[in-house]
Amino acid sequence: MKPLVPVSPAAKVALGVAFFGVFFAAWAVATMGGFVSPTFLADPLAMLGAGWRLLVVHGFYRDIGVTIWRVFGGFLLAALIGVPLGILMGAYKPIEAFFEPFVSFARYLPASGFIPLLILWAGIGEAQKLLVIFIGSFFQLVLMVAVIVGSTRRDLVEAAYTLGARAGGIVRRVLLPSSAPDIAETLRLVLGWAWTYVIVAELIGASSGIGHMITDSQALLDTGQIIFGIVVIGLIGLVSDYLFKMANQWLFPWRLA
Amino acid sequence: MSRLLIDGVSRIFPGLGGRPATRALEPTSLAVADNDFICLLGPSGCGKSTLLRIVAGLDRPSAGRVLLDGVAVTGPGSDRGMVFQSYTLFPWLTVKENICFGLREKGMPAAEQAHLAGHYIDRVGLGGFEHHFPRMLSGGMQQRTALARALVNDPKILLLDEPFGALDNQTRALMQELLLGIWEADRKTVLFVTHDIDEAIFMANRVAVMTARPGRIKSDIWVTLPHPRHYTIKTTSEFSVYKARLTEEIRDESIRALAMGA
């Protein structure tokens with residue numbers, strides 16, 4: 001191995017899959033070999049069995065659907081308000097000076113800490129779930145978008161001015177296109193966080209969703225179901241991440257090296 | 001009447017954190033006539049780029065004023081086209097879209113834009129690369145696109161800030177011939193900043209030599225070599241006379257600039 005030398009695409013896939021194999025093998029040895037009690041950790045086969053029962057008998061796919069809906073709902077809400085606000089803050093310094101201190105403060109407020117309050121305000125329905133995700137992702141998103149837009153290459157802005165662009169043209173035809181790929185990348189990152197918040201919200205007060213199934217399984221000491229729930233979240237995350245990456249590459253071909 | 005008048009322009013950069021202010025440019029005056037090709041020649045850090053940026057409206061003078069056709073310059077505009085030393089093509093736009101940027105900003109109909117852009121793409125020799133993104137182009141091709149992008153706006157004056165400074169020697173020589181050819185055909189007024197003596201003599205009809213920082217214009221030399229100039233002119237004895245004189249002028253300033261740590 002030499003530093004920074006790339007691997008072939010086939011080897012890359014093989015290596016990535018191999019570690020999943022290693023991980024499952026170690027898990028199987030620890031559980032099936034009797035080193036860990038099934039009370040604390042189900043073995044991989046038991047996990048798959050529990051998952052099968054969940055999907056076929058208990059209609060777990062409905063919970064999966066509900067959770068996905070909540071994640072994308074909260075995420076879209078945060079993106080629809082957060083991205084435009086972040087762009088305005090990055091482009092116009094007085095707007096940034098107005099909002100930035102508060103947003104910097106608000107982003108340290110723990111979203112999960114708001115759950116009891118949100119239950120009080122919005123009940124345990126869908127609005128509360130969306131709000132948890134919104135609070136968890138909105139402020140971070142605004143700040144990151146503002147930084148991206150604010151760090152647009154100054155020489156490109158100056159070039160646009162010498163070509164006759166005015167303030168509106170600078171924002172629409174320089175700041176926006178130049179920031180778009182990084183904003184899309186930030187959205188991909190924030191979507192990952194939204195997954196963390198939705199599960200926390202569902203663990204505390206929910207009657208459906210993946211997080212709700214996990215709490216129920218805890219009461220039943222069914223570690224197989226808990227692990228299956230966690231694995232499902234991981235798989236959905238992997239797929240949505242991949243789709244996001246593909247969309248970004250398709251949208252921004254000029255970025256490819 | 002002069003097309004561009006630089007009248008007592010100076011620039012002082014305020015010192016940050018209690019450090020003393022930097023005097024980048026002493027009060028400087030220069031009259032640029034229509035169809036002039038003027039090179040501002042000076043050692044690095046002498047304030048020649050600062051002067052050009054003030055003319056472009058990208059920086060403000062601490063004192064003095066710049067008049068273009070008798071009207072004071074207050075900010076950047078498409079009447080002063082600029083080519084920068086760094087590659088400033090918009091990476092998300094193709095060659096053709098980059099060239100059309102200013103035309104689109106003016107609200108010109110798309111068909112007219114395409115026609116004009118095609119004309120300048122041919123003039124800078126980029127036929128076949130219209131739909132390439134900047135990252136697919138060599139440095140020389142990027143700067144040719146930037147030149148076309150500035151020219152297509154039909155500016156009153158073309159400002160160039162060491163546009164070929166990052167290119168290799170051979171490419172630079174070809175770019176000089178290209179720019180000179182365009183100037184000989186259009187006689188567009190040009191203000192060109194460089195620290196390369198050969199480049200200045202080869203292209204300019206006037207060379208303004210600047211001192212080390214704080215910069216001011218030390219001498220103003222007319223280059224009366226005949227046009228059209230062929231690249232072989234660089235090896236003639238007339239060329240060498242200019243070169244010897246300018247080398248002498250600039251040498252003292254370079255030594256001073258070096259002593260200041262520029």
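This is a predicted model: local features need pLDDT of at least 70, side-chain atom pairs count only at pLDDT 80 or more; totals for chains, interfaces and linings use all residues.
1. The A–B contact. Chain B contributes 22 residues and chain A contributes 13 residues. On the side of chain B that touches chain A, two elements give two or more residues: strand S6 (80-83) and helix H3 (101-106) of chain B. H3(B) supplies the largest share of that side, four residues. By class, the side of chain B that touches chain A has 10 nonpolar, seven polar and five charged residues.

2. Strand S6(B). S6(B) is covered on both faces. B:Arg80 and B:Met82 are buried on one side. B:Gly81 and B:Val83 are buried on the other. In a regular strand, side chains alternate between the two faces of the sheet.

3. Pairing of S6(B). The partner is strand S7 (residues 157-161) of chain B, and the two run in the parallel sense. Four bridges join S6(B) and S7(B). One residue pair to look up: B:Val83 has B:Leu160 in S7(B) as its bridge partner.

4. Helix packing in chain A. Two packed helices are described by the angle and the distance between their axes. For helix H3 (residues 60-91) and helix H6 (residues 126-150) of chain A, the axes come within 7 Å and cross at roughly 30°. Angles under 35 degrees count as roughly parallel, so H3(A) is roughly parallel to H6(A). The crossing of H3(A) and H6(A) is right-handed.

5. Make-up of that helix contact. Where H3(A) meets H6(A), the contact has 22 nonpolar, seven polar and three charged residues.

Notes:
Residues are numbered from 1 along each chain as its sequence is written. Chains are lettered from A and ligands numbered from 1 in the order in which they are written. Two residues are in contact if their C-beta atoms, placed from the backbone, lie within 7 Å. Ala, Val, Leu, Ile, Met, Phe, Trp, Tyr, Cys and Pro count as nonpolar, Asp, Glu, Lys and Arg as charged, and the others, Gly among them, as polar. A residue is buried if 20 or more other C-beta atoms lie within 10 Å of its own, exposed if 12 or fewer, and partly exposed in between; C-beta atoms are placed from the backbone. Two strands pair if DSSP finds at least two bridges between them. Axes are lines fitted to C-alpha atoms, for helices over the stretch in contact, and angles run from 0 to 180 degrees between N-to-C directions. Angles under 35 degrees count as roughly parallel, over 145 as roughly antiparallel, 65 to 115 as roughly perpendicular and the rest as oblique. A crossing is left-handed if the near helix is turned anticlockwise from the far one by less than a right angle, and right-handed if clockwise.
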